Amino acid sequence: MAERCAVIGVGQTHHKAKRDDVSIAGLVREAAKMALADADLTWSDIDAVVIGKAPDMFEGNMMPEIYLAPALGAVGKPMFRVHTAGSVGGSTALVAAHLVSSGIHKRVLTVAYEKQSDSDAMWALSVPQPFAAPLLAGAGGYFAPHIRAYMRRSGAPDYIGRMVAVKDRKNAMRNPYAHLHLADIDMKMVEDSMMLWDPLRYLEACPSSDGAAAMVLAAEDAVSGNYPPAWVHGMAMRSEPTMFAGRDQINPQAGRDCSADVYRQAGVTNPREQFDCAEVYVPFSWYEPMWLENLGFCDLGDGWKLTESGATAFDGDIPWNASGGVLSSNPIGASGMLRFLEVAMQVRGQAGEHQVDGAKLALGQAYGGGSQFFSMWVVGSAKP
Amino acid sequence: MADETTDQGPVTTLATPIRLDFDFTPGVAQSKFLRGLERGEFHGQRCSVCGKVYVPSRGSCPTDGVPTTEDVLLGNAGTVTTYCVVNVPFAGQSIEIPYICAQILLDGANLSFMGLLQEIPTDQIRMGMRVEAVWVDESDLTPSLASVRYFRPNGEPDADYDTYKEYL
Amino acid sequence: MSAAARAVRPVSIASFAQSQNVRKDDERNEVEGLMPVIAEVFGNIGITKDDVDFICSGSTDYLIGGPFSFVMALDAVGVWPPRSESHVEMDGAWALYEAWVLLQEGEIDAALVYSFGRSSLGDLSEILTLQLDPYYEAPMWPDIVSLSALQARALIDSGKATEADFAAVASRSRRDALSNPKSQVANDIAPEVLLQDDYVVAPLRRHTLPPITDGAAAVVLAAGDKATAWSDRPVWITGFDHRIETHSLGARDLTTSPSTAKAAEVAGVAAGKVDVAEIHAPFAHQELILAEALGLDDSVAINPSGGALAANPLMSAGLIRIGEAAERIRSGAADRAVAHATSGPCLQQNLVCVLEGGA
């Protein structure tokens, strides 16, 4: 009963530590105008706008769709705001896609952003609560213990994380929009970087970026644009409770269920073979081997071996994060949408220097919170 | 004349101080936990459906979605399930770096929580280490986690990995 | 493309529940406040969380004073095994819209929608200032009551309404609230008496303002066989749309609500007789603007629940309008109803939902 839905336009900003050359409105317009141009459309062709971002406290602007409506050409149209923690960029794209696949709208603009430099994101994540322990750890402090647990459980050698950190930064050199362009990156440079949250070093963590991402999604009879469309073959969201007895934070059930759902829709039974590439939310290096296992690209405990073998490198058989990924650009609210957008670029053949040759089917994944929220989609060059 | 303003360059920053005050409500279950801290005790709550003990309980069993009503007095000791060493300075930090952030599974509980670990060099901490809570002086006890100064090793042999691997 | 131009899959408001609306719930946290509401919305129709395929909630961090407030709220449902779940930083009425969109595709048949808003924790009027343009408006800290007063003044000056009309709305709403056990402010005071109130911000007198309310609400949506199995009289959503206007108050005619009128047109409000309208008008004068935009005449019973003037739990008040309208139909008191929700300063964004009783 669902209608086909396609990505017909993509746009993203140059991601930087501080985009003080633009306002919040200017930032989101930069991405949105690029997506419209790519789709060969104008603001008036758009039926509805769906916007997403991480907590409002990052910019101090409550429910920003209210202020951004005119900047995004939404006046007189439906405008919708999604917030599902770090997975929000992906979830936002999915909400927009459902507006098309449900048959309600023909062309939907979806935008996600973060302007972290407008506030202190570390502060916003650690707002003192009167009943909590007087102990602040920051985002890395939440994830580092789980990384340690993964290393223990899988027996992975400690250099695996550094390999991912190097690989993704090398990929970023091929992506003009990436925040980090570290030409000299190598294993030693990562090893010499400051230990932030032991076992996590500075260069094994994502940067803090200002940036935005935008896509135009269209129904089959409304396809336009400069490149062939990327067809949506499957989409799914899953959540599990944040904390519960016996929760597996290294291989969360919600991630497994979400990928099973999206693979079923797309007819994928062997992700490593069937996908040509994947963009996966890896904010800390060790999340690549963890998600390789969680997403079924290998057996449990073997994720690090896949990374070590070079399979996920740009010239490997299943490139992960050819764009440089979250480790190279992290405008939080937009980071998930960038994963979804980058795989659309790959199957449309518009990824330029980081184009994976002949990419036809690809997986985009985003996760958020304490690894309890997941959103995923599969896009392909062929119609589903 | 536009030139006078453009000569000064664009305005790149506009500071708007925002201060908002909130009265938080801990709720029924968390109040019991906080009252326990005021007496120097850890209190958890058991789910009537799955039997798991949560500490601190926020009032519901996260998997069953029902109120946790049975109060359970927990031990003062527990096991470090996993940990990290914080080396990064950031705003609002009240402890000198580096320090150990440990996930601690109190004896009798089914959920670990994050605590500060002291009285041990940062390179000697291990998963499975047995630790105990060190409380502030009795006269300083308040209904707040500030009543727990920190955790420290209690000298017991390390717990077997299998006993806590489900709580990582 | 209008909703009417395609085949709309019938979706029913199968169950509705709301908490007691109070000025300040200082005993329970958000999870504890939500749990009984969710238990009730399932219990009403004898189902459990296992019977719904999708969950969507609406809330905002700035009411709670911390990031990710929706995250812990999910513990009131118990999403284990993992569920398909989403959240909007909007009123629960928009969460209901997201769930309705998913149900349109025919892949799933039931959804839980909930929202929670504790307006009592901070200074609401200051908090809502942060919705304004962060460069040109918010730094001046105009409060939401003052902005609404600008709108009321414009309405009076346009000759469309008087302060007495505002008082009549307030008087009727709180009198109707006497028969709503969940309401927070209910009384029977004549408009002439209300007009003796002091001004809070002229021309708004005390009675034209909504109360500050803590509350939560939940709805179960059902389609297909579940819709008929779970209700003897399904309440079908027959039209649904929402629209937003520009942000700058100076660029808007504050005496009208074109976004409401557009949403009403797309939702097909005028396609039949409206028996009941539940309108989310936090300030008394806003009901007059919205009733005109919705094209409602004097025969329509407006806000029999008492509306937002009787209880205004932010982020839930819109969802409650849909639930209250649905209950009028389910009870047989009405056959066709319009529900409305608003967001942003001076009615900037509006949602319209048309409900009809079925067999």
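## Burial in chain B

In this predicted model, 38% of the 168 residues of chain B count as buried. A residue is called buried if 20 or more other C-beta atoms, placed from the backbone, lie within 10 Å of its own. Local features need pLDDT of at least 70, side-chain atom pairs count only at pLDDT 80 or more, and totals for chains, interfaces and linings use all residues. Residues are numbered from 1 along each chain as its sequence is written, while chains are lettered from A in the order in which they are written.

## The layout of chain B

Let's follow chain B from its N terminus: its elements run α-α-β-β-β-β-β-β-β-β-α, giving 3 helices and 8 strands. Here helices (H or I, at least four residues) and strands (E, at least two) are DSSP runs, numbered from the N terminus. Chain B is more spread out than a compact globule, because its radius of gyration (taken over C-alpha atoms) is 22 Å, well over the 15 Å that the globule rule gives for 168 residues. That rule is 2.2 Å times the number of residues to the power 0.38. The C-alpha trace of chain B spans about 75 × 40 × 35 Å along its principal axes.

## A helix in chain C

Now look at helix α10 of chain C, residues 258-267: 7 of its 10 residues are buried, so this helix is largely enclosed by the rest of the structure. Among the buried ones are C:Ser259, C:Lys262 and C:Val266.

What do the buried residues of α10(C) pack against? Their partners in chain C are β8 (235-244), α11 (284-294), β11 (336-343) and β12 (349-357). Just after α10(C), C:Gly268 has a positive phi of about 80 degrees.

Definitions and conventions
A residue is buried if 20 or more other C-beta atoms lie within 10 Å of its own, exposed if 12 or fewer, and partly exposed in between; C-beta atoms are placed from the backbone. Two residues are in contact if their C-beta atoms, placed from the backbone, lie within 7 Å.
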